[in-house]
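Trainee: Could you take a close look at one helix packing for me, and then say what else should be kept in mind about the chain that holds it?

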Amino acid sequence: MIMKKKNNSQFFAFVRKEFYHIFRDVRTMLVIIGIPVIQILLIGFAISTEVKNVEVAVYDPSNDEVTNRIINQMDASEYFNVTRRLKSANEADEVFKKGQTGLVVVFCEGFGERLYHTGDAAIQLLIDASDPNHGTTVSSYAGSVIAGYQQELLQETNVPVRINPEIRMLYNPEMRSAYNFVPGLMGMIFMLVCAMMTSVAIVREKESGTMEVLLVSPVKPIYVVISKLVPYFIISWVIFIIILLLSVFVLGVPISGSLVWLNIFALIFIIVALSLGLLISTVVKTQVAAILASGMGLIMPVMILSGYVFPIESMPPILQWISGIIPARWFVSGAKKLIIEGVPVRFVLKEMLILLGMAILIITVSLRNIKTRLE
Amino acid sequence: MIIKIDNLTKCFGDFTAVDHITFSVGKGEIFGFLGANGAGKTTAMRMFCGLSKPTSGEGRVAGYDIAKQPEMVKKNIGYMSQKFSLYEDLKVWENIRLFAGIYGLDGKQISRKTDITLKRIGLMNEKNTLVKELPLGWKQKLAFSVAIFHEPKIVFLDEPTGGVDPIARRQFWEMIYEAAEKGITVFVTTHYMDEAEYCNRVSIMVDGRIKVLDTPGRLKDRFHAKNMDEVFRQLAR
């Protein structure tokens, strides 16, 4: 019992020392607190939801009274400026690429006639959705202009007419918005803080020679290692909460799922990331190597293969398969479900189990590495 | 005998790093463990400290079997390496408390002894200084004090004075003598042959074996040498 108490206080002495290492190093503090906050704010400010004077191009093959009225109404609204008439629908792509046009309106042939005779006419709205929030707003404003006209017609003629707007979001068909970046960003930040910083912290002791002194002392090596993980675990959780708060109050991301499960899910992923850092630290000898290994081996794949930047569904099958072994991929998909879709936890059970399995596997391998290296 | 090594051998595959070494060291002795780089000193030291298991042979350090009771060995020894081995970003007293805590000293004992130790080595004013702000000579003195803070029976010093100026080295050896007078056995490796002269006895390792072991005086007589440097050159050539 006394022995156990002694061990505990020893352990906390180590944890405290580790916090000293972190808080007394300006660079470490910058990386673990500065980077997450800056990243989330950058994304926050990169989103603009203000929509005004969007340049509109029109392809109007029927060129009748109805279409002209719709076009005029659109031009009259403060949101849109009709600046261009297209000669064919194919020109749409071209005007988008010139970068000024945000919306292309394509009327069907004989629009007015069809509207009066069949009560049904088609209009296509092509929207540049490379900025998804902007795209959504444009789409809803254009939709309301058309709906307004439809209302007017109904009052004038008393004939029920229906204009069917077909909306196509170009360049970003999934409408991946800044919201969707939040889970990916979390995944990347945990890799940075947990995996990179822990591996560097452990390897630093090897480099500086203090690890040698600890190994010669009666303290169990596993204690040393775990005491290094604890502060990063706590700090990561704090960062997670900071990101969450910033997302809600700065980005306006609605968190629709259970907060408790979201936290549990994030903690599981933090453990995976920590164990990856541990694994790296058992393999490399220098801090530079640790940074390279975690940068190239962990952070790059998170950016490219986790679904953070590129949607997994549109990857070639081989890359989809590779992305399956990247923990962040499962975290991103689970976190998206919990944060954005707000599904009950049973829908992320698969992701949770995969991450847990990965954690167990990686920890087992690293512990074995630690053991063999010491003997 | 505080260290008793009998036919201790360590092989890595076909390579025999330490080849049947046998010797013993008495209490309070200052024992110089010399050898060229690659002679097997470090491997041997690691075995004495309970860090690596011998391939064959036996050894007892501080009364405990180095192969079977490495934990007990570790508790009863102190260690200081050629690399400076305290935490640079911890304060002087934080380093002392951390390492003393590892060896199981309780808080009260630690704070009492910290002041005594710091006064003795003249670092009382630096108690709250981050270790990285101290000059190297002071750091080495501090590291040595930390290594013997828990009053081990033996302290292993692996090239403790590397890179330190002559005056600081001199002071360092005074600390070693003080420790030896208190009954702590000092087991030291060094590349400075003038330091070898300060030892009670020295052994010189060549290719994994202990080639000679005697007092510096007798070794000089035997090899008709003016100083230990000549003895070393004749053997480790």
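**A helix pair in chain A**

Mentor: Of the 375 residues of chain A, 38% count as buried, a residue being buried if 20 or more other C-beta atoms, placed from the backbone, lie within 10 Å of its own. This is a predicted model, in which local features need pLDDT of at least 70 and side-chain atom pairs count only at pLDDT 80 or more, while totals for chains, interfaces and linings use all residues. Residues are numbered from 1 along each chain as its sequence is written, and chains are lettered from A and ligands numbered from 1 in the order in which they are written.

Chain A has 14 helices and five strands (DSSP runs, H or I of at least four residues for helices and E of at least two for strands, numbered from the N terminus). In the pair to look at, helix α3 (residues 65-76) of chain A packs against helix α5 (residues 111-118) of chain A at an angle of about 110 degrees, with their axes 6 Å apart, which makes α3(A) roughly perpendicular to α5(A) (65 to 115 degrees). From α3(A), the residues Glu65(A), Val66(A) and Thr67(A) meet Phe111(A), Gly112(A) and Leu115(A) of α5(A).

Elsewhere, 19 residues of chain A are in contact with 21 residues of chain B, contact meaning C-beta atoms, placed from the backbone, within 7 Å. To the side of chain A that touches chain B, α1(A) gives the most, with six residues.

Key:
Buried ≥ 20, exposed ≤ 12 C-beta atoms within 10 Å, placed from the backbone. Axes fitted to C-alpha atoms, helices over the stretch in contact; angles between N-to-C directions. Parallel < 35°, antiparallel > 145°, perpendicular 65-115°, else oblique. Contact = placed C-beta atoms within 7 Å.
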